[in-house]
Every structure is written in C-alpha cells, then in structure tokens.
Amino acid sequence: MAVSEEQTRLQTKLVEYRRELHENPELSMQEFETTKRIRHWLEEAGITILDYPLEVGVVAEISGGEPGPTIALRADIDALPIKEETGLPFASKNEGVMHACGHDFHTSSMIGSAILLQERRAELKGNVRIIFQPAEEIAQGAVLVEKAGALDGVQAIFGMHNKPDLPVGTIGIREGSLMASVDRFELDVIGVGGHAGIPNNSIDPIIVASQIITGLQTIVSRSLSSFDNVVISITQIHAGNTWNVIPEKATMEGTVRTFQNEARKIIPDLMKRTAEGIASGLGAKIDFRWYPYLPVVNNSARFKKVAAEAATEIGYRVAEAQKSPGGEDFAFYQTKIPGFFVWVGVNGPKEWHHPAFTLQEDALTVAAHYFTNLSIKVLDQWE
C-alpha cells in the first residue's frame with residue numbers, strides 16, 4: 001500500500017472516531033461510553049489494554065521490540081457543560097454537553113498514534129504507555145490516574161492541547177512554563193451591620209471590601225517582581241439583601257494565575273496580609289481562605305530539542321509556543337516525572353470553551369504522526 005493510501009486510510013478512521021466522540025460527549029467522571037469506545041477501538045487494532053482501578057478512562061501500552069524505558073503519552077477525554085452552537089452535522093446529541101475544548105480531537109489523535117506505534121513496535125527501544133485520562137476539566141483526572149498506579153515505571157510523559165490560532169501542521173514548543181497555575185480564594189469581610197442612614201454606628205463591610213479589592217491589585221505591581229506573570233481577579237462579590245440596611249458581612253471570591261512557582265508560594269500570604277491591614281485600619285476583620293487547584297505546566301528543558309526535531313523531520317513547522325493563562329491538569333504529572341506539553345495547530349475559528357468551537361480535522365493525522373515520531377526519538381535517544 002502506498003504511503004498516501006495509508007495516510008488517507010488513517011485520516012478517514014480518525015475522522016470517524018472524532019465525529020463519533022463529538023456526537024456523544026460526556027462530562028467529567030461520567031465518561032463511561034467514551035471509555036467503552038476507546039477500549040473497543042484500541043482492541044480492534046490489537047493494542048494491549050492495561051488493567052488499572054479506574055471507573056472511567058483507559059490506559060494502553062505498546063511494548064517495544066528492544067528493552068528500554070517506559071514513557072507515556074496522555075490525552076484527555078471529557079467534555080464541558082456547554083450547549084453546542086456549531087451547526088455541524090455531527091453536533092452533540094447530548095443536550096447541554098459539548099466537546100468545546102477539543103478533547104475529542106486529543107483522544108482520536110492519540111488513538112491514531114497508538115495504531116502507528118503498534119505497527120512500528122519492533123523499532124521501539126522501550127515501551128509507550130498511552131493514558132486516556134478522564135476529568136481534566138475539573139482538575140481531578142490526573143490525580144486519579146496517578147493514584148491508580150498508571151505512572152508506575154514511567155520515566156517521562158508527553159501531551160498536547162489543540163491551538164485554534166495556529167495553522168494545521170504547526171507544533172508550538174516552549175521549555176519552562178507554558179500554562180498558568182490556577183488557584184481559588186474566598187475572602188469574608190466582617191464588619192458591623194446597621195441602618196443605612198446612620199453609617200457612623202456601623203462598620204460597613206462593602207466600603208472595606210472595595211478598598212481591599214483595590215489593595216489586592218497593588219500586590220502585582222508593588223510586591224512582586226516585574227518579571228513575574230501574575231493575575232489576581234476578583235470575580236464575585238456578595239453583600240446585603242435589602243436597600244436600606246448596611247450588612248454585617250461582604251464576601252468575595254476569585255482566582256490567581258501565575259507562571260512562577262516562587263510567586264505562587266508567596267501570594268496567599270501577601271493577599272491575607274494586605275486584606276488584614278486594610279480591614280484593621282477600618283475596624284473590620286477578615287477571614288481569608290485559599291484553595292490550591294493546579295500547578296504550572298512546566299516543560300522540561302531536556303526534551304525541547306527532541307520535541308522540535310520530531311516535528312521538523314516529518315515536515316511540520318515548529319513555532320515558539322505562546323503562554324496561556326488557562327490551566328491544565330497535565331501539570332500534576334510534571335510534579336511527579338519530567339514532561340513536555342505542546343500546542344498542535346488546528347486553525348479553529350473560536351477559542352476553547354466557546355459554543356461554536358471547532359477545528360480542522362486534517363490536524364488529526366498531524367498529531368498522530370507527531371507523537372509517534374516523538375515517542376520513537378525519545379526512546380532512541382534515552383540516556
């Protein structure tokens with residue numbers, strides 16, 4: 001069979017997989033039918049499924065013809081609670097649920113890579129474990145996969161996210177931080193309630209909260225290095241329940257994003273100290289709560305060169321990956337073992353999580369071939 005025929009055949013298969021997944025999206029930790037589909041397609045290709053205690057998600061492995069290390073590839077499989085507005089003939093049949101982040105693309109592409117690696121397993125100087133991970137959108141899947149033992153014996157991990165603003169055939173590569181840490185905070189301001197017409201007998205928590213909001217923004221401009229990339233966003237504020245009463249309490253909530261672990265460590269104390277100082281000066285008190293969510297996606301410099309070469313030697317363009325303030329639970333794997341995460345260009349009209357999000361399906365085989373070649377090269381060059 002000619003190479004072009006093989007390419008066409010693989011592309012047709014991956015498009016079918018992607019569209020079936022797109023029509024049948026499932027939310028995080030509900031990916032039961034998605035899991036069944038992935039298992040079926042892998043078994044159909046003769047690929048070994050490993051047995052781990054996971055309710056949803058699949059872990060497969062291709063054993064190489066020569067001894068060597070085990071590396072992993074990862075794809076996420078869950079969808080979002082979004083009503084689809086693409087108008088595609090294969091749009092979601094599950095009302096209010098949509099693959100609006102392209103995880104159907106990630107899954108189908110990695111199945112393609114598994115198929116190609118299975119065909120070339122005699123060349124592998126080691127093993128490639130492929131993790132089809134649930135629950136990325138709620139930042140729980142990677143932790144579950146690791147606890148189930150799927151990283152045991154794995155010495156490095158590789159993954160991707162589609163990138164709508166990059167053209168098909170482009171791989172975005174960057175060492176160091178690529179996607180931001182994601183953390184959540186809650187802050188209560190406790191004052192003294194009273195009559196809105198007699199504010200001098202109260203300690204107005206709304207006034208205090210307003211000054212705290214302004215004060216928190218000075219942390220970025222005055223308490224952190226100008227080389228740190230940090231965003232502090234207050235996204236909710238609630239106080240009171242009627243028009244003529246000063247409430248006792250105001251509550252705010254928000255998120256902090258950064259690309260530097262050092263900055264991430266000190267921000268909670270800086271926020272608490274700033275809020276306490278402002279509140280104390282105005283006679284109020286605060287209750288500050290910090291909820292760590294996701295670490296930084298931090299790419300190992302060790303793999304930058306091989307990641308770029310794996311693209312260029314099979315005809316793909318390499319671009320310097322631009323950082324994203326979005327979060328990714330692939331970052332959790334990188335706290336356990338070295339890893340590298342890339343952008344794969346899909347030339348889409350809308351950004352992630354948009355109800356009209358879609359992508360060019362030609363990118364399916366681009367990703368499949370890229371991760372196949374990357375796996376072979378990493379194992380070849382392992383030291």
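This is a predicted model: local features need pLDDT of at least 70, side-chain atom pairs count only at pLDDT 80 or more; totals for chains, interfaces and linings use all residues.
1. Local features here need pLDDT of at least 70 and side-chain atom pairs count only at pLDDT 80 or more, while totals for chains, interfaces and linings use all residues. Residues are numbered from 1 along each chain as its sequence is written, and side-chain values use heavy atoms, with hydrogens and water left out.

2. Four strands form an open, antiparallel sheet in the order β10-β12-β8-β13, where strands are DSSP runs of E of at least two residues and helices are runs of H or I of at least four, numbered from the N terminus, and where two strands pair if DSSP finds at least two bridges between them.

3. Strand β10 pairs with β12 (residues 249–258) over nine antiparallel bridges, and Ala239 has Ala250 in β12 as its bridge partner.

4. The rings of Phe330 and Tyr333 are edge-to-face, because their centres are 5.9 Å apart and their planes lie at 75°; rings of Phe, Tyr and Trp (its six-membered ring) pair if their centres lie within 6.5 Å, with planes under 30 degrees apart counted as stacked, over 60 as edge-to-face and the rest as tilted. Phe330 is buried at a relative accessible area of 0%, as is Tyr333 at 0%, buried meaning under 20%, exposed over 50% and partly exposed in between (1.4 Å probe, protein chains only).

5. Ring pairs also link Phe330, Tyr333, Phe341, Trp343 and Trp352 into a cluster.
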